[in-house]
Amino acid sequence: MKRSNADSILIKLLALVWITFGLNAKVHAQEKEKAKIGAEALPGINWSVDQLEQAVAPVRPGRVLLPQKWPHNARIAVVLSFDIDNESYPLSTGVTGPGPLSDAEYGATEGLPRIIAMLDRLNVPATFFTPAVSAILAPEMVPQILKSGKNEIALHGWVHESVDILNDAGQEQRLLAQAIAYLTKVSGKKPLGSRTGSWAFSPYTLSVDQKLGLTYDSSLMAMDVPYELMSNGKDTGIVELPVTWVNDDGIFFGPAGDLPSPKLVFQVFREEFDMAYRERSFVMLTFHPNAERRSRFLYLEQLIAYMKTKPDVWFATAAEVVDWIKSNPTVDTPFGRMLDEQ
Ligand SMILES: [Zn+2]
């Protein structure tokens, strides 16, 4: 019985220790939680003007690069872009479950071939931002994209890595150089531009792009129209062909496949085009082959067919737009070409 008493005392002691440490941990967590509100959670409120300026300086919008004229005197340039995330996106974060991977693989098995056939049918080009790993895992995709001779292959990281999370200049450059080497080998042409995975930028992205000889980026959102990127007060010569979450199917169409209605989402894309058309401007639209399941694809095709009914629309790849911008005079403001019909 003595032994049992000793055991009982030991258990009580252990319980006390557990409660004490457990409670301490809980109080500590609550204190930490408290620290997330109040001034500590808002460090920017105490930054000097110098610090605030430094915070935005690494990547800033520079000159507007909207051309005075598009080719054939077109009213508007439209870039259809497809981000072939496929398995790269889950793999970059270590997801190996066959379920989520199968949903991602749809981009190669059905998504891309259906899109390519539709682009050929409507006779419009597109730019395919392709993580190298997506192309390695489905090597039939690159020849499919290049078959018509109209489409462009551009960079989308090695394995769709989020370079802001990576936050390592050397690793970022190594991965992008690897991606360039692979895509150059399989496509026969060095990619000219890059769109970062998840459209995330690190403080090093711009200089990595410069070191690797790229001419454009398409991950940022400071304007509706093309612009030059500046870094710490200096022009970089890198053209930004801006994206926006508003014109991206990826954030609306998750794997659940329920809401929102594809019809309403594509109505937004159509109205973005309508306004850009009115402004005699530029629009970049982004789609994901792994998200373009049948009910969405139906509206994608209708959207492109609708844009084609309008006169003077120049459908071009991102590289063609950059090439035109670099050899033609541009206007000073994003609205420089618009408003003859206000
Ligand atoms: Zn992506």
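The following legends describe close-up views of a predicted model.

Local features are reported at pLDDT of at least 70 and side-chain atom pairs at pLDDT 80 or more, while totals for chains, interfaces and linings use all residues. Numbering starts from 1 along each chain as its sequence is written.

**View 1. Overall content of the protein.** The protein has twelve helices and ten strands; helices (H or I, at least four residues) and strands (E, at least two) are DSSP runs numbered from the N terminus. Of its 342 residues, 38% are buried. A residue counts as buried with 20 or more other C-beta atoms within 10 Å of its own, as exposed with 12 or fewer, and as partly exposed in between, the C-beta atoms being placed from the backbone. Contacts are pairs of residues whose C-beta atoms, placed from the backbone, lie within 7 Å. Among contacts between residues at least 6 apart in sequence, 78% join residues at least 24 apart.

**View 2. Helix α10 and its buried face.** α10 covers residues 262-278 and spans 24 Å from its first C-alpha to its last, close to the expected 24 Å; the expected span is 1.5 Å times one less than the number of residues. Pro262, Phe266, Phe269, Phe273 and Ala276 are its buried residues. Seen down the axis of α10, these residues fall within an arc of 70°, so they line one face of the helix. The arc is taken over the directions from the helix axis to the C-beta atoms. An α-helix has 3.6 residues a turn, so residues three or four places apart point the same way. Lys263, Leu264 and Glu271, on the other side of α10, are exposed. The cover over the buried residues includes β2 (76-83), β9 (282-287) and α11 (294-309). Arg280, which follows α10, has a positive phi near 55°.

View 3. β2 and β9 run parallel and are joined by six bridges; strands pair if DSSP finds at least two bridges between them. The largest nonpolar core holds 70 residues, of which Val78 and Val79 touch the most other members. Such a core is a set of buried Ala, Val, Leu, Ile, Met, Phe, Trp, Tyr and Cys residues joined through C-beta atoms within 7 Å. β2 supplies the largest share of this core, six residues. Beyond its neighbours within four places in sequence, Val79 has contacts that include Thr127, Leu241 and Met284.

**View 4. The kink in helix α4.** α4 (residues 98-122) reaches 35 Å from its first C-alpha to its last, close to the 36 Å expected. At Gly111, shortly before Pro113, α4 has a kink of about 45°, the bend being the angle between axes fitted to the seven residues ending at a residue and the seven starting there. Gly111 is among the buried residues of α4, as are Leu112 and Ile115. The buried residues of α4 pack against β2, α3 (88-92) and α6 (141-146).

**View 5. His156 in its loop.** His156 lies between β4 (152-155) and α7 (163-166). His156 is buried, with 34 other C-beta atoms within 10 Å. Leaving out residues up to four places away in sequence, His156 touches Asp83, Ile84, Phe129, Thr130, Pro131, Arg195 and Gly197.

Terms used
Contact = placed C-beta atoms within 7 Å.
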